[in-house]
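Let's take a walk through a protein together, one region at a time. Have the sequence and the 3D view ready, and turn the structure as you read.

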Amino acid sequence: MTTVTNETLANLSREERRFEPPAELAAAANVTADAYDHAAKDPAAFWGEQAERLTWAERWSTVLDDSNPPFYKWFTGGKLNASYNCVDRHVEAGLGDKVALHWVGEPVADTRDITYAQLKDEVSQAANALTALGVEAGDRVAIYMPMIPEAIVAMLACARIGAPHTVVFGGFSADALASRIDDCQAKVVITSDGGYRRGAPSALKPAVDEALTKTDVVHKVLVVRRTGQEVAWNDDVDVWWHDVVDTASTEHTPEAFDAEHPLYVMYTSGTTGKPKGILHTTGGYLVGTSYTHHAVFDLKPGSADEKGDVYWCTADIGWVTGHSYIVYGPLANGATQVLYEGTPDSPERGRWWEIIEQYGVTIFYTAPTAIRSFMKQGRAIPDQRDMSSVRILGSVGEPINPEAYVWYRQVIGGDRAPVVDTWWQTETGMIMISPLPGVTAGKPGSAMKALPGVSVDVVDDEGTPVPNGSGGYLVVTAPWPSMLRTLWGDDDRYRDTYWSRFKKQGYYFAGDGAKKDEDGDIWVLGRVDDVMNVSGHRLSTTEIESALVSHPKVAEAAVVGAKDEDTGQAVCAFVILREEAGDGGDDIVQELRQHVRKEIGPIATPRQILVVAELPKTRSGKIMRRLLRDVAENREVGDVTTLADGSVMDLISKGMSASSED
Ligand code: WT7
């Protein structure tokens with residue numbers, strides 16, 4: 001574990017504030033304290049009970065099949081349709097007129113309310129259209145879209161016909177899109193001409209066109225017209241959504257698929273350059289996301305004549321949070337939610353708070369990086385709005401600093417709404433560690449404890465649980481229903497990455513460091529591997545290094561994540577130029593930053609690039625990123641005794657202090 005960790009440990013243990021659950025919330029909570037013991041007695045039976053939340057075409061015979069670890073199977077023998085569970089069954093229950101989505105476009109007048117009945121029609125039309133385009137159960141479909149209702153319709157339409165989707169974040173570049181399309185061999189891409197970002201239309205289709213020059217697996221591209229921008233058109237491949245979806249029949253009978261039928265593949269960074277295709281399947285994933293959404297956010301969906309909660313998760317559907325807590329969990333629970341297309345500061349910095357006031361949002365779920373940026377702008381902006389509707393606040397993506405937690409609670413939550421700090425991962429599919437808002441006395445900065453039915457621990461190098469008051473590695477000690485099933489096409493990497501770190505069989509290694517405090521509550525401290533967390537998004541150092549090295553002027557690159565006040569961590573790069581590039585020219589830093597943007601996307605753009613003559617390496621040639629991190633974080637450089645050339649770090653440190661911040 002890094003030295004940062006020890007420092008963080010010391011700081012955190014000084015935190016003594018506690019926030020009891022509001023009495024009214026506790027009295028009516030969806031899940032109460034007894035759930036923990038009840039679930040612990042027989043976790044499989046507990047998850048079997050939770051599975052009753054869904055509508056199954058055929059009941060399962062076994063809740064958990066653990067005969068071939070780590071290839072666990074859940075609800076074997078069961079059959080269901082995810083789209084039916086998220087849409088049709090609510091309509092059949094008489095909730096067709098209930099709003100599923102309050103969609104808010106970035107241009108202020110651009111809004112659309114979509115009821116469950118309308119959603120059912122649109123999803124059915126899209127399912128019919130995809131079938132007509134030749135998509136069959138098992139075929140993969142890539143989705144590269146802005147935050148518009150059609151993105152959700154597209155995901156549900158894929159699920160409806162059993163075609164696993166892979167949603168690629170709209171901020172990723174053409175290259176990143178192409179490699180994901182290629183890895184899972186997506187036959188169709190669903191996209192749009194563009195979306196609105198920061199007050200202006202921002203194009204998407206050109207990146208798809210470019211991606212298609214790098215891979216030849218795609219037969220059709222289905223394009224939503226959102227901005228009306230000019231788009232290049234290839235009649236053999238491109239199809240307008242309004243031509244084939246809007247004209248399709250609204251009748252579609254969903255087929256029931258096996259509980260273990262693949263639902264989607266989501267790519268996430270690993271410690272090697274190649275992103276990992278996390279595979280989630282149908283039954284267990286829906287059980288896990290719907291139960292945790294019900295438990296952690298205490299959602300009261302309301303009924304045909306009684307208004308329930310208005311839920312808003314600000315994540316992009318391109319990340320797992322959007323999958324689990326915008327699409328599958330909330331819709332399976334019949335929630336009414338806000339879906340917002342744009343950025344928080346468009347057209348002005350109070351846009352989010354205006355939306356909360358306007359729609360009476362009661363449950364709000366966002367990321368620490370956003371909270372910190374609002375903190376910086378000051379409370380005068382949110383204070384202009386009436387946010388008294390808010391009753392629960394969620395946080396996800398990285399550790400939330402105690403100060404940000406308290407600010408969030410006081411300013412956005414009116415000092416009433418509890419904050420739930422939810423720890424989970426793309427791989428876990430569902431929230432694993434979190435307070436329960438009607439049960440837990442929250443501690444600012446702590447995710448507290450595992451949810452009912454989930455078992456985690458903090459262990460040392462040998463896999464032995466650490467005592468309270470100490471730190472170690474976070475592990476999940478028993479399978480859970482929405483766990484990843486494998487890495488797309490790579491069972492070995494799945495086993496090696498997640499299940500081989502500790503000798504004890506059945507320990508899932510999350511890659512995070514954590515601490516158990518004196519009460520046994522958990523404080524997640526961040527990644528222990530070569531993976532960074534920038535604004536709640538996971539990026540791999542190797543991936544960015546590979547991008548830098550693909551530039552003709554770069555010989556070698558080392559990337560580290562350095563602490564950043566706004567984004568949690570920021571990308572810092574150290575590069576050695578090729579001899580023929582000389583000093584690279586005046587604009588070398590800008591040129592390289594542009595290059596990374598193009599290769600991976602704006603989110604990976606280095607905050608800082610330092611051109612160096614040498615990189616610190618061990619005798620075996622391994623780059624010592626720990627030392628570079630010291631430099632990037634302005635710390636005294638740690639132990640250099642294993643360096644092949646001890647003077648290298650002096651030069652780098654000097655270069656660092658000479659370079660300007662940007
Ligand atoms: C990594 C997973 C889960 C959706 C968003 C990110 C970090 C996530 C917390 C939290 C401390 C957190 C961990 C984790 N993380 N939530 N509440 N407290 N750290 O998904 O890209 O799969 O990243 O995000 O380091 O391993 P992801």
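In which sense do strand 6 and strand 7 pair, and over how many bridges? Strand 6 and strand 7, which covers residues 165–167, pair in the parallel sense, and three bridges link them. Keep in mind as you look that this is a predicted model.

Let's stay with strand 6, which spans residues 141–144. In a regular strand, side chains alternate between the two faces of the sheet. You can follow that pattern here: Val141 and Ile143 point one way, while Ala142 and Tyr144 point the other way. All four of these residues are buried. Ile143 makes a handy landmark, as it stands opposite Val167 in strand 7. Ile143 also has a bridge partner in strand 8, namely Ile190. Strand 8 covers residues 188–192, runs parallel to strand 6 and is joined to it by four bridges. Now trace the chain from strand 6 through helix 7, residues 149–160, and on to strand 7: together they make a right-handed β-α-β unit.

Next, find helix 8, which runs over residues 174–184. Why is this helix described as largely enclosed by the rest of the structure? The reason is that eight of its eleven residues are buried. Among them are Ala174, Leu177, Ile181 and Cys184, and also Asp175 and Arg180. An α-helix has 3.6 residues a turn, so residues three or four places apart point the same way. Just after helix 8 comes Gln185, with a positive phi of about 55°.

Strand 24 pairs with strand 22, residues 471–476, in the antiparallel sense over five bridges. Within this pairing, Tyr473 has Gly513 of strand 24 as its bridge partner. Strand 24 also pairs with strand 25, again antiparallel and over five bridges. There, Ala514 stands opposite Val524 in strand 25. Strand 24 and strand 25 form a hairpin with five residues between the strands, and Gly520 in this hairpin takes a positive phi near 85°.

How many residues surround it? The count is 18, and the closest are Asp421, Thr422, Thr426, Asp512 and Arg527. By type, the shell divides into six nonpolar, seven polar and five charged residues. Helix 12 (320–332) and strand 25 (522–527) each supply at least two residues of this shell. Some contacts can be picked out atom by atom. A backbone N or O atom of Glu398 lies 3.4 Å from a nitrogen atom of the ligand. A polar backbone atom of Thr422 is 2.8 Å from a ligand nitrogen. For Asp512, a polar side-chain atom lies 2.6 Å from an oxygen atom of the ligand. Taken alone, the ligand exposes 560 Å², and the protein buries 96% of that.

Let's finish with some backbone details in the loops. Most residues other than glycine have a negative phi, and most peptide bonds are trans. Which bonds and residues depart from this pattern? The peptide bond from Pro69 to Pro70 is cis, with omega near 0°, and Pro70 sits in the loop between strand 1 and strand 2. Another cis peptide bond joins Ser346 and Pro347, with omega about 0°; look for Pro347 in the loop between strand 17 and helix 13. Asp415 has a positive phi, near 60°, and lies in the loop between helix 16 and strand 20. Met448 also has a positive phi, near 70°, and is found in the loop between strand 20 and strand 21.

Is each of these two residues buried or exposed, or in between? With a relative accessible area of 42%, Asp415 is partly exposed. Met448 counts as buried because its relative accessibility is 4%, and the cut-off for buried is under 20%. The same cut-off applies to His595 in helix 19, which counts as buried at 14% relative accessibility. The side chain of His595 reaches the backbone nitrogen of His551 at 3.5 Å.

Technical notes
Residues are numbered from 1 along each chain as its sequence is written. This is a predicted model: local features need pLDDT of at least 70, side-chain atom pairs count only at pLDDT 80 or more; totals for chains, interfaces and linings use all residues. Side-chain values use heavy atoms; hydrogens and water are left out. Buried means under 20% relative accessible area, exposed over 50%, partly exposed in between (1.4 Å probe, protein chains only). Two strands pair if DSSP finds at least two bridges between them. A crossover is right-handed if, with the strands pointing away from the viewer, the path from the first strand over the helix to the second runs clockwise. A residue is near a molecule or strand if one of its heavy atoms lies within 4 Å of it. A polar contact is a pair of N or O atoms within 3.5 Å; within protein, one must be able to donate a hydrogen and the other to accept it, and residues adjacent in sequence count only if both atoms are side-chain atoms. Accessible areas come from the Shrake-Rupley method with a 1.4 Å probe; for residues, only the protein chains shown count as cover. Ala, Val, Leu, Ile, Met, Phe, Trp, Tyr, Cys and Pro count as nonpolar, Asp, Glu, Lys and Arg as charged, and the others, Gly among them, as polar.
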